Amino acid sequence: MEIREQQHGAIKALSPQGPICQADAAEFHKAVSAAIASSMGRCVVDLTATPFLDSQGLESILTLSETLSDSGQFLKLCGVCETVREILELTDLASSVEQYEDITSAVRSFL
Amino acid sequence: MLPRRVSLISGVLVMNTAIVALAMVALWLVVDRVRTEEAERASDRAAAAIAEVVRPDLERALADRDLPALRLALAKAAHAASLTECRIVLGDNSVVADLETGAANLKALPAELPAVSTVGDAKRTFILEGGVGGRAILTLEVPAASARSEWLEVGFGGVCLAAVALLGFVSVRAQKRSMPVTQVSSALSSIQQGEKELAALELAESFGDVATAWNGLLKELASHRAKERFDSVLTRRTQGGERDEVVPRMVDALWHGVIAVDDELNIRYCNGAAAVFLCGTRDGLLGTPILDRIEDPQAKEKLGKLAGARSRGKIVIETRTGEGDNGAVLRISARPVGSGGGAVLLIEDVTQQRVADKSRNAFVEQATHELRTPLTNVRLYVEALVEKPDADVSTRSQHLNIINQEVRRLERIVGDMLSVSEIEAGSLKLAIHDVRLPALFADIEAEFSAPARAKNIALRFDLPPKLPTIVADRDKLILALTNVIGNAIKYTPEGGNVKVSVKADDSLIIDVADSGIGIAADDAERIFDRFYRARDPRVEKIVGTGLGLALAREVMRLHGGDVTVQSVPDRGSTFSIRMPLKAPLSRAA
């Protein structure tokens, strides 16, 4: 799974290119965890190119959210499509993450 | 320890019962054997006695060869002695007389009796002398005397019943007496499994001494536990570690780091965010000096004043940790707590704020420069016109044209800034109406032909013979196009080419291709960010606000389209502006 990484000022933006499913979920989790650790939590996950995610993808998002929550931070998602948004809401995960319309809004939330 | 529901006593009782039962059965078999042997011996003696009595009559009849007399004598003897078996057999096994009717197969006794070779059971078989003629064999079977004694059997049965009843009684008594032990065993199992409520494990006093002793032990255990709890609470309170569980959870939810240090600036408490900012773990940070975590010497010196309560005021420092994109700028606000020493520190991650400040300062600097240049030109040409009122018409016209261009440039810069403000506020809206594309491109060509000519750039518009009228916001569309085309001319060296190609089928596609300095792959997408300027040193020499492409993309996305770029460094770039075409409002109406 390709995960693009961009630096927006002091913020790391990770953009998985495709659905977060099965083995890709572990890779996604590893990449985001590394970004969170290296940026002290200044990290945004851009899901613009993610059409859907399965239970393992959800689990990785939940784990990342809990990891950040231990240090008072939130997992910030942006570019969430309707399908993913519905999945997050149905699984009650929407309240565990912060969602932004685009990467610019997400980056500005760190100000 | 015995598991629940297992009684050693009941097992022993069962085994005892089984052993007693087996012993009784064995005893019964021995007694029966002795009695049987005794009965057989009595029978043997009776048979011998009877034989002695009847022998003379039988031998006389045998000697006389008087078969009827022989049989009569045998029948009388059998009847008198109640014999069960009685027969006389010759040496050739022919039966002379027998109690069983028809068993005797001899009609008359022979004169010469066959010789007797073998004699069976000596105890029951007797030889009859038949005179000169020979011998015969007398066999007697006396019914066994009733070997069994009813009294003995009744007695034996009674003893068995009594034994079983006694065992049952003893078993019940033993179980009753072992009940406290079972209860204690059960209680010990409960304690082992984590039962905390000792009162629930007490035994009723009816269980006697065991219950009293057990309840006493439980009270001692409860007292010991209470003392342990008290000591633990006392220890935590005296060491300052006692905290309401709610407060740490609330502090942990903070996205700012919170640290408490003692008089020597050793960390006594830190929340999760502080551990992240200080690149450590909570447990690893506890007890370590906070100053070891500060790299900046000046910040370290300022913070060091908190030690020993040398400073009683608030201290605010900013320090940088880490390198490059992985680094962070931390603002630490520290304040002493009371007079007993120690301080509380609040750590904020202001990295992004500092990056934004830097971008904002760069923008202000660029914008100031952008504004100053046309303003200076306007001022200079206005002064020239004022100082030379008698200048010729051509010169005056040239000066006025330049002033007009610079004012339009100013207008565009201010327009860009206002548009950025609208985008930031989310209030950028389109004023939709019919737009005639030929006229629009004619205006744009007229605007950029002079700057292109000044740089000796071949600016070419490749337009189809017939362009439609579209529905769009004309001013915003011009804003997007002028920014893209203006950039192409700005970043193309002298003598280069800029070509604007237009296609209008289902969508309007405008490609702006230049032979400029190109864009590195890392910057290709970032150039659409607000205030972002490529890291190429050649770009830094050219003034610009970093807003043009961000505005162009925002405007085209509002139209339902987009702006994309393909570029090769040092070869040039092609910006593609796309938007869907809609029927003109006038036609739709």
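Two residues are taken to be in contact if their C-beta atoms, placed from the backbone, lie within 7 Å. With that in hand, chain A of this predicted model can be looked at through its contacts: counting those between residues at least 6 apart in sequence, 71% join residues at least 24 apart. In chain B, residues 24 or more positions apart account for 55% of the contacts with a separation of 6 or more.

Chain A has 111 residues, and 42% of them count as buried. Its secondary structure comes to 4 helices and 5 strands, and reading from the N terminus the elements go β-β-α-β-α-β-α-β-α. Chain B is built from 589 residues, with 22% buried, and its tally is 15 helices and 16 strands.

Back in chain A, a helix pair is worth a stop. Helix H1 (residues 22–39) of chain A packs against helix H2 (residues 55–69) of chain A, with an angle of about 20° and axes 8 Å apart. Angles under 35 degrees count as roughly parallel, and H1(A) and H2(A) are therefore roughly parallel to each other. The crossing of H1(A) past H2(A) is right-handed. On the H1(A) side, the residues that meet H2(A) are Gln22(A), Ala25(A), Phe28(A), His29(A), Val32(A), Ser33(A) and Ile36(A). Those they meet in H2(A) include Gln56(A), Gly57(A), Thr63(A) and Leu68(A). Sorted by class, this contact between H1(A) and H2(A) has 6 nonpolar, 8 polar and 1 charged residues.

Turning to chain B, 4 strands make an open antiparallel sheet in the order E2-E1-E4-E3. Strand E2 (95–98) and E3 of chain B sit at the edges with a single partner strand each, so one side of each is left without a neighbour in the sheet. On average, neighbouring strands here are turned by 20° against each other, direction ignored. Helix H2 (residues 67–81) of chain B lies across strand E1 (85–89) and E2 of chain B, and runs at about 160° to E1(B).

Strand E3 (residues 125–129) of chain B has Phe126(B) and Leu128(B) on a covered face, while Thr125(B), Ile127(B) and Glu129(B) make up the uncovered one. E3(B) is joined by 5 bridges to strand E4 (residues 135–141) of chain B, the two running antiparallel.

The buried residues are Gly548(B), Leu549(B), Ala550(B), Leu551(B), Ala552(B), Arg553(B), Glu554(B), Val555(B) and Met556(B). After H14(B) comes Gly560(B), with a positive phi near 90°.

Finally, the two chains meet: 19 residues of chain B are in contact with 15 residues of chain A. On the side of chain B that touches chain A, helix H6 (272–277) and helix H9 (351–387) of chain B each supply at least two residues. That side of chain B splits into 10 nonpolar, 6 polar and 3 charged residues.

Technical notes:
Residues numbered from 1 in each chain as written. Chains lettered and ligands numbered in written order. Predicted model: local features only at pLDDT ≥ 70, side-chain atom pairs only at ≥ 80, totals over all residues. Nonpolar A, V, L, I, M, F, W, Y, C, P; charged D, E, K, R; others polar. Buried ≥ 20, exposed ≤ 12 C-beta atoms within 10 Å, placed from the backbone. Axes fitted to C-alpha atoms, helices over the stretch in contact; angles between N-to-C directions. Parallel < 35°, antiparallel > 145°, perpendicular 65-115°, else oblique. Left-handed = near helix turned anticlockwise from the far one by under 90°. Pairing = 2+ DSSP bridges.
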